[in-house]
Amino acid sequence: MFSWLGTDDRRKKDPEVFQTVSEGLKKLYKTKLLPLEEHYKFHEFHSPALEDADFDNKPMVLLVGQYSTGKTSFIRYLLEQDFPGMRIGPEPTTDSFIAVMHGTMEGLIPGNALVVDPKKPFRKLNAFGNAFLNRFVCAQLPNPVLESISVIDTPGILSGEKQRISRGYDFAAVLEWFAERVDRIILLFDAHKLDISDEFSEVIKALKNHEDKIRVVLNKADQIETQQLMRVYGALMWSLGKIVNTPEVIRVYIGSFWSHPLLIPDSRKLFEAEEQDLFKDIQSLPRNAALRKLNDLIKRARLAKVHAYIISSLRKEMPSVFGKENKKKELINSLGEIYSRIEKEHQISPGDFPNLKKMQEQLQAQDLNKFHPLKMKLLDTVDDMLAHDIAQLMVLVRQEETQRPNQGVKGGAFEGTMNGPFGHGYGEGAGEGIDEVEWVVARDKPMYDEIFYTLSPVNGKVTGANAKREMVKSKLPNTVLGKVWKLADIDKDGMLDDEEFALANHLIKVKLEGHELPSELPAHLVPPSKRKLPE
C-alpha cells in the first residue's frame, strides 16, 4: 500500500548517477527542466531550448566594443596568426559576427550552413533570420589556442538611431543570446574614445545578469602618457559605474594588445602585469567550464520556476468567456503587483524575476487563455533537481578538476611569456640575480654583516630572539617574517649565521619593494657555503 510514495522518497534520497558533468547536465536538462520550460512557453519569452552542443562545446570568449577599439587585433594577438575573414582598420571594418574556432583546415562556414550543424552550438540562432545569418560566419583554422577556447568577434558598435536600424536585426538580442552561452565577455575600450554611445549603453544593459562574466580591457593605453592614463582610467570607471549597476567594481585590464612597439613605454611594467592577469583569467576558462555550465543551468532553472508562477497566475485571473481583452490589458498593466504577490507567496528573491517592461511587451502578443495553470509536479521535479542532483554534480565537477589540474589554454600569445627571460617577473624580486655567477646577496652583505655583529653572535650564529629584534624593524607582519625565517634558516637549526642573516635581510628587501616571496628558496639564492649540503 502507498508503494508509490516509497518509490518517490527513494528517488529523492538517491540522486541519479552520472559519469561526467556534461552527460549529467544534458540528462538533467532534458528530463527535469525542459518539460517545465515547454509547458509554460519559456522559450517564447526568454531563451531557446538548450541542445547537446551547448553542453559539449569549448569555452567561448565574446569580444564587444565600439568600432576601432582593437577587437579583431586582440584575437590576432592571442592567436599570433591571421584568421579567415579578418579585416582590421580604423573605420568600422568587421560588419559580421565571426566565431573563430578550431578546425583541421582553414576556411569560412557561412551562417546558414552553420545553424544546421548539430555539432556547433549555434542552431538556435536561426530565429534571428537571414538579415543576421548573412552577417554570421565561422572562421576555422588549426591553432593551439583554439583547441581550448573559441572566440566570438562582433561588429563594432555604432552610435545613432540610423545605424542601429540599418543592421536589419536586433543586435542587442543577438549579443544577449551569446552572453547567456559564453564563459567570458570582454568589453574593449579605446583609451582615446571613451564615450559610451546609445547602442553601446543598450548592449551593456542587455548583458545584465551576466556581470560575473564581464571583464573590461582599456586598449591602446601605450599611446598616452602615464598622468593622462590615470585620468582616462578614472573616466572609464565613472562611465561604467553609471551603466553597470553592480556594487562591485568591474575588473579593468590596462594594456596594448597588439604586436607593435609601445609608443610610450613608460608603463611597460604595468602593461606586462595586467596582461599576465588577463591571460591567467582566460587560461582558467577550460578548467572552470563545467562549473560555469552548471551555474548557468541553475540560473536558468530559477528563472523557469519564476516564469511558471507568472504564467499560471495570469491564467488563473483570466475569465473563461467575456471581457478577455480588457482583463488582459488590466493584468499586463498590473504585472508589477503580480510580481510582488508571487514574491511574497513563494519566498522568491526580487532578483530572480525577469525584466518587467520586457515581459509586459512580450505578453501583448500572447493569448493568456492558452496559458496553463500551475502544475506542481513539474515544479517539484525542478526543486528535486536543484536540491539533490546538482549537489552530486558539484562533487563530480571537483573530481574532474583534480583529474585535469593542468588544463588550460596553450599556444599563441600564451606561450610567448611563459618561459625564458621574458616571462613575467623574470630577474625581478626573488628572481633577481638568477643568471649571475656571483651570489646576488653578496652585493649588500657587508652592510648586513655590520648589523649581524651588533647582535652578539655566539660561535658565528645569532639566536632567533636576537634576529627577531632586528627583523621586526621592517614593520612587516609576523606571518611574512615567519616565512622569511623559514626560507633563510637553511640548516633548520633555529639560528642564523652571517650568510643566512644576509639572506633574511635580502628577502625582507624583496618584500618591501612590493614583490612576493617564493614558496621555496630558488637555487640562486642559496648561500654558496650551503649549496653542497645534502637535502
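This is a predicted model: local features need pLDDT of at least 70, side-chain atom pairs count only at pLDDT 80 or more; totals for chains, interfaces and linings use all residues.
Helices α4, residues 52-56, and α9, residues 171-181, each supply at least two residues of the lining of the largest cavity.

The largest cavity holds about 40 Å³ of space. Which residues line the largest cavity? They are E51, A53, D54, K120, P121, F122, R123, K124, W177 and R181. Sorted by class, that lining has 6 charged residues, 4 nonpolar ones and no polar ones.

Now the overall layout. The protein has 535 residues, and 48% of them count as buried. It contains 22 helices and 10 strands. Along the principal axes, the C-alpha atoms fill a box of roughly 105 × 70 × 45 Å. The domain assignment gives domain 1 as 21-50 + 291-403, domain 2 as 60-284, and domain 3 as 429-530. Between the C-alpha centres of domain 1 and domain 3 there are 61 Å. As for contacts, take those between residues at least 6 apart in sequence: 78% of them join residues at least 24 apart.

Next, helix α5 and what comes after it. Of the 9 residues of α5, 8 are buried, so the helix is largely enclosed by the rest of the structure. The buried ones are K71, T72, S73, F74, I75, Y77, L78 and L79. After α5 comes E80, with a positive phi near 60°. E80 is not a glycine. Most residues other than glycine have a negative phi, which is why I bring this up. Where does E80 lie? E80 is in the loop between α5 and β2, and β2 covers 97-102. Is E80 buried, partly exposed or exposed? Its relative accessibility is 48%, so E80 counts as partly exposed; the cut-off for exposed is over 50%.

There is another residue of this kind to mention. K475 is not a glycine either, and has a positive phi of about 70°. K475 is in the loop between α20, residues 464-471, and α21, residues 478-488. With a relative accessibility of 77%, K475 counts as exposed.

K220 is in the loop between β7, residues 214-219, and α11, residues 226-243. Why does K220 count as buried? The relative accessible area of K220 is 14%, and buried means under 20%. The K220 side chain makes a polar contact of 3.5 Å with the side chain of D190. Leaving out residues up to four places away in sequence, K220 touches S68, T69, G70, D190, A191, G255 and S256.

L187 is buried, with 0% relative accessibility. Which residues is L187 in contact with, once neighbours within four places in sequence are set aside? They are V64, F200, I204, L207, I214, R215, V216 and V217. For a distance, take L187 and N134: they are 53 residues apart in sequence, and their C-alpha atoms are 24 Å apart in space.

Compare that with a pair elsewhere in the chain. L297 and I390 are 93 residues apart in sequence, with 9.5 Å from C-alpha to C-alpha. L297 is in helix α13, residues 285-317, and is buried at 2% relative accessible area. Apart from residues up to four places away in sequence, L297 touches L25, Y29, L33 and I390.

S267 lies between β8, residues 252-254, and α12, residues 268-283. Its relative accessible area is 9%, so S267 is buried. S267 touches T226 and L229, again not counting residues up to four places away in sequence.

To recap three points. The largest cavity has 6 charged residues in its lining. K220 is buried, and its side chain has a polar contact with that of D190.

Conventions: Residues are numbered from 1 along each chain as its sequence is written. Side-chain values use heavy atoms; hydrogens and water are left out. On a 1 Å grid over the protein atoms alone, a cavity is a set of points where a 1.4 Å probe fits but cannot get out, and a pocket is an open set with protein on both sides within 12 Å along at least five of seven lines; lining residues have an atom within 4 Å of a point. Grid points are joined across faces, edges and corners, and a volume is the space filled by probe spheres set on the points. Helices (H or I, at least four residues) and strands (E, at least two) are DSSP runs, numbered from the N terminus. Ala, Val, Leu, Ile, Met, Phe, Trp, Tyr, Cys and Pro count as nonpolar, Asp, Glu, Lys and Arg as charged, and the others, Gly among them, as polar. Buried means under 20% relative accessible area, exposed over 50%, partly exposed in between (1.4 Å probe, protein chains only). A polar contact is a pair of N or O atoms within 3.5 Å; within protein, one must be able to donate a hydrogen and the other to accept it, and residues adjacent in sequence count only if both atoms are side-chain atoms. Contact means heavy atoms within 4.5 Å. Domain bounds come from an automatic or database domain assignment.
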